[in-house]
Amino acid sequence: MGKATILVADDDAAIRTVLNQALTRAGYEVRITSNAATLWRWVSAGDGDLVITDVIMPDENAFDMLPRIRRARPDLPVLVMSAQNTFMTAIKASEGGAYDYLPKPFDLTEMIGTIGRALSEPRKLAVQPEETTEGMPLVGRSTAMQEIYRVLARLMQTDLTLMITGESGTGKELVAKALHDYGKRRNGPFVAINMAAIPRDLIESELFGHEKGAFTGAQHKSTGRFEQAEGGTLFLDEIGDMPMDAQTRLLRVLQQGEYTTVGGRTPIRTDVRIVAATNKDLKILINQGLFREDLYYRLNVVPLRLPALRDRAEDVPDLVRHFVRGAVGEGLDAKRFDNEALELLKAYPWPGNVRELENVVRRVMALYPQDVITREIIDNELRIETPEPPSPQGATAMGPVTIAQSVEENMRRYFSGFGEELPPSGLYQRVLEEVEYPLILAALTATRGNQIKAADLLGLNRNTLRKKIRELGVTVYRSPRPA
């Protein structure tokens with residue numbers, strides 16, 4: 001068997017040169033062009049074993065050519081490259097039948113690996129959607145978001161169970177909704193349920209429905225969320241708060257594809273895609289006996305961790321513009337955020353993540369009459385949520401005796417109400433966190449959010465401090481440099 005031939009189309013001469021050299025070294029025959037017309041001539045003539053193409057070329061958009069390639073040569077894998085690294089780019093590539101989407105700048109090692117898989121795997125055609133939903137459900141061009149887009153694009157036409165993790169406010173339900181809206185179940189219902197918002201003794205009834213008389217107060221038969229989501233997607237938010245009894249019943253659904261209503265006897269078959277989400281570490285809950293390990297592995301078929309906004313600060317300007325457009329559409333006056341305001345927003349750590357940023361954008365648009373939102377306005381708004389620094393007197397008074405007394409008071413609180421029994425395990429860690437949180441917050445406040453100085457003040461390694469800030473959810477405010 002001879003060498004595989006790779007057809008490359010890109011109007012950037014530097015990229016053509018890099019790909020030619022890299023693919024040749026990898027053992028492939030390479031044919032390169034700068035336009036779509038030549039690429040199509042090669043493809044229609046039956047040449048090449050794989051195509052790598054940029055989206056935007058001088059004579060044609062690759063997305064317009066993908067359907068023709070699919071009809072002419074359905075077994076020919078196509079890798080799409082693009083510098084327009086948005087969620088919709090990844091979706092269009094997937095919907096057009098591309099094997100994969102690679103954002104620019106791309107990693108050559110990753111590309112070579114993708115080519116090898118594409119050439120060795122049987123061709124799997126994507127299902128062409130009847131229509132494309134307008135709008136941009138997910139926003140951001142950062143490297144972290146590119147990986148999210150690629151994973152979602154690969155999952156659109158599957159029914160694999162997805163576990164979304166990440167801090168509160170990172171957009172877990174938004175991701176689940178995008179997966180539904182652009183996937184093969186988009187014509188079915190999307191039903192969301194938050195486990196933390198429902199009384200624990202009612203969760204099974206909410207999920208599976210109940211029969212009349214099943215329990216006190218059940219005066220009529222009730223439909224559960226599984227039945228409501230039939231043929232669509234069921235989003236189980238805050239899955240870590242699900243009680244054990246409900247976990248057992250959910251596991252049965254995932255294993256056997258059927259459930260019974262509360263008080264019912266007849267099994268009901270179900271056709272629902274499950275997407276779960278949590279901001280908790282389920283492995284810790286498993287070790288504490290609060291979450292079933294077998295259920296965890298049933299739900300965690302495809303894990304997807306959403307990045308905190310502070311880890312993709314370069315996306316803040318795009319998010320701000322997105323929220324401004326949304327607010328204008330709801331009747332607020334249009335505003336423009338100047339560059340210094342955007343830089344200040346990028347520097348803020350956003351403990352509430354994207355949700356908090358959206359609240360700030362809407363608030364300043366509603367409260368400030370100026371057409372341009374400046375650095376001073378943003379500084380004022382962010383300072384509203386910044387804790388006041390402890391007074392020097394209070395800091396001096398917090399000596400070892402005072403700290404010991406405070407810990408002793410906490411211990412009494414933990415033990416009260418248990419009689420002769422002991423409180424739940426993990427007391428050391430809980431008390432330690434209560435001591436660490438105000439200590440780290442005070443150090444960050446004293447250093448005006450400078451983590452290097454705060455780490456030195458506390459005698460901690462900088463990485464250790466960052467880890468504790470993340471674990472404890474400490475709000476860090478980075479004060480702007482003096483003008």
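Analyst: "Buried" here means under 20% relative accessible area, "exposed" means over 50%, and "partly exposed" covers what is in between (1.4 Å probe, protein chains only). This is a predicted model, so to speak of a local feature takes a pLDDT of at least 70, and side-chain atom pairs count only at pLDDT 80 or more, while totals for chains, interfaces and linings use all residues. Numbering starts from 1 along each chain as its sequence is written, and side-chain values use heavy atoms, with hydrogens and water left out.

Let's zoom in on tyrosine 368. Because its relative accessible area is 18%, tyrosine 368 counts as buried. You'll find tyrosine 368 in the loop between α15 (353-367) and β14 (372-373); helices (H or I, at least four residues) and strands (E, at least two) are DSSP runs, numbered from the N terminus. What does tyrosine 368 touch, once neighbours within four places in sequence are set aside? Lys335, Ile373, Ile377, Asn380 and Glu381 are in contact with tyrosine 368, where contact means heavy atoms within 4.5 Å. With asparagine 380 there is also a side-chain to side-chain polar contact of 3.0 Å. (A polar contact is a pair of N or O atoms within 3.5 Å; within protein, one must be able to donate a hydrogen and the other to accept it, and residues adjacent in sequence count only if both atoms are side-chain atoms.) Lysine 335 sits 33 residues away from tyrosine 368 along the chain, with 9.5 Å between the two C-alpha atoms.

Next, look at helix α14, residues 339-347. At its start, a side-chain oxygen of aspartate 338 comes within 3.3 Å of the backbone nitrogen of glutamate 340. The buried residues of α14 are Ala341, Leu342, Leu344 and Leu345. Viewed down the helix axis, these buried residues of α14 stay within an arc of 160°, so they line one face; the arc is that of the directions from the axis to the C-beta atoms. As background, an α-helix has 3.6 residues a turn, so residues three or four places apart point the same way.

Now for histidine 180, which belongs to helix α7 (residues 172-181). With a relative accessible area of 4%, histidine 180 is buried. Its side chain gets to the backbone oxygen of glycine 188 at 3.0 Å. Beyond neighbours within four places in sequence, the contacts of histidine 180 include Gly188, Phe190 and Thr233.

Phe190 takes us to a sheet. Five strands make an open sheet in the order β7-β8-β11-β6-β12, paired in parallel; two strands pair if DSSP finds at least two bridges between them. The edges are β7 and β12 (302-305), each pairing on one side only. Ignoring direction, neighbouring strands here are turned by 20° against each other on average. Between β7 and β8 the parallel pairing runs over five bridges, and alanine 192 has phenylalanine 235 in β8 as its bridge partner.

What about the rings? The whole structure holds six aromatic pairs. Rings of Phe, Tyr and Trp (its six-membered ring) pair if their centres lie within 6.5 Å; planes under 30 degrees apart are stacked, over 60 edge-to-face, and the rest tilted. Phenylalanine 190 and phenylalanine 235 form a stacked pair, at 6.3 Å centre to centre with 20° between the planes. That pair joins distant parts of the chain, with phenylalanine 190 in β7 (residues 190-194) and phenylalanine 235 in β8 (residues 233-237), 45 residues apart. Phenylalanine 190 is buried at 18% relative accessibility, and phenylalanine 235 is buried at 0%. Elsewhere, tyrosine 296 and tyrosine 297 pair edge-to-face, 5.0 Å between centres and 75° between planes. Tyrosine 296 is buried at 11% relative accessibility, whereas tyrosine 297 is exposed at 52%. Phe208, Phe226 and Tyr259 are linked into a cluster by ring pairs.

Stepping back, the protein has 21 helices and 14 strands. Of its 483 residues, 46% count as buried. Among contacts between residues at least 6 apart in sequence, 72% join residues at least 24 apart.

Notes: Axes fitted to C-alpha atoms, helices over the stretch in contact; angles between N-to-C directions.
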